[in-house]
Amino acid sequence: DHIKALRYAIFGVAIFIFLFSLLFDQNQEIALYFAVTFAIFAGGVGAVIIFFGLLAIAVRCMRKVTPGTVGVRTGLGKIRIAEDYIIVLPLLHKYDIMDIAVKRLEINRQGTDGLICRDNLRADITVAFYIRVDKNQAKEVAQAVGCERASEIDQLRQLFEAKFSEALKTAGKQFDFTSLYTERDQFKQSILEVIGKDLNGYHLEDAAIDYLEQTPLDKMDVN
């Protein structure tokens, strides 16, 4: 609305100048007066138009980052990670959204792949791991994995299934089968300690033992 009002004002002044020039002969004083007036008018209106124009461009190029994600801007300048707002210039920048919400990754070890406990009994187990991208290391994850795939379950499984399965195997050897039931919290903490904190830009929030039973005899490897 303000821009339209300015446009109408400019048009009105132009009409006035044109009609005034038809009614009166211009002399040097009048010409000088209009030249000075036009310069002042154009200078003020031009500054306002430029200001609102830049403001409109900034608003149009601004991206709001929604909760549970971060914005990743690449292109001109260094890669930038934003948690709230970010300016993205057309043709100069590429903008992607990375999901950093917690994801659930289940690891199953059953039958011949079950855990071998300290007392040599075998256990079928399902553990849920709750993992997310560490927003402080989102830049590294974006460069290594890509924004779109960073939190996909298939990608997480490819990255961590072997590591988490090995942690289950290592931690399981520290407990008798009955201790897995009576000392679940200690078993979980042992799993987390074996995994550690070096997860290449990801953060392991927690783990939960969803299923735990002794492996049936008919499912064991008779050899």
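Q: A salt bridge is a side-chain nitrogen of Lys or Arg within 4 Å of a carboxyl oxygen of Asp or Glu; how many does the structure hold?
A: The structure holds nine salt bridges. It is a predicted model, in which local features need pLDDT of at least 70 and side-chain atom pairs count only at pLDDT 80 or more, while totals for chains, interfaces and linings use all residues. Residues are numbered from 1 along each chain as its sequence is written, and side-chain values use heavy atoms, with hydrogens and water left out.

Q: What makes Lys94 and Asp96 a salt bridge?
A: The N to O distance between the two side chains is 2.7 Å, which is within the 4 Å limit, and the pair therefore qualifies. Side chains of opposite charge can pair when their charged atoms come close.

Q: Why is Asp96 called buried, and which class does Lys94 belong to?
A: Relative accessible area sets the class: buried is under 20%, exposed is over 50%, and partly exposed lies in between (1.4 Å probe, protein chains only). Asp96 has 17%, so it counts as buried. Lys94 has 46% and is therefore partly exposed.

Q: Where is Ser151 found, and why is it called buried?
A: Ser151 is in the loop between helix H3 (138-144) and helix H4 (153-172). Helices (H or I, at least four residues) and strands (E, at least two) are DSSP runs, numbered from the N terminus. The relative accessibility of Ser151 is 12%, and therefore the residue is buried.

Q: What makes the approach of the Ser151 side chain to Asp99 a close polar pairing by distance?
A: A polar atom of the Ser151 side chain lies 2.5 Å from the backbone oxygen of Asp99. A polar contact is a pair of N or O atoms within 3.5 Å; within protein, one must be able to donate a hydrogen and the other to accept it, and residues adjacent in sequence count only if both atoms are side-chain atoms.

Q: Which residues does Ser151 contact, leaving aside neighbours within four places in sequence?
A: Contact means heavy atoms within 4.5 Å. On that basis, Ser151 is in contact with Asp99, Ile100, Lys103, Val133 and Leu156.

Q: Where is Leu212, and why is it called buried?
A: Leu212 has its place in strand E9. Its relative accessible area is 3%, so it is buried. Leu212 and Gln110 are 102 residues apart in sequence, and their C-alpha atoms are 9.7 Å apart in space.

Q: What is the phi of Leu91, and why is this residue called exposed?
A: Phi of Leu91 is near 70°, a positive value in a residue other than glycine. Leu91 lies in the loop between strand E4 (85-87) and strand E5 (93-99). With a relative accessible area of 89%, Leu91 is therefore exposed.

Q: What is the phi of Asn120, and why is this residue called exposed?
A: Asn120 has phi near 70°, again positive in a residue other than glycine. Its loop runs between strand E7 (115-116) and strand E8 (122-133). The relative accessible area of Asn120 is 66%, so the residue is exposed.

Q: How are the residues lining the largest pocket divided, and which strand gives the largest share?
A: The lining divides into four nonpolar, five polar and three charged residues. Ala, Val, Leu, Ile, Met, Phe, Trp, Tyr, Cys and Pro count as nonpolar, Asp, Glu, Lys and Arg as charged, and the others, Gly among them, as polar. Strand E9 (residues 202-214) gives the largest share, three residues.
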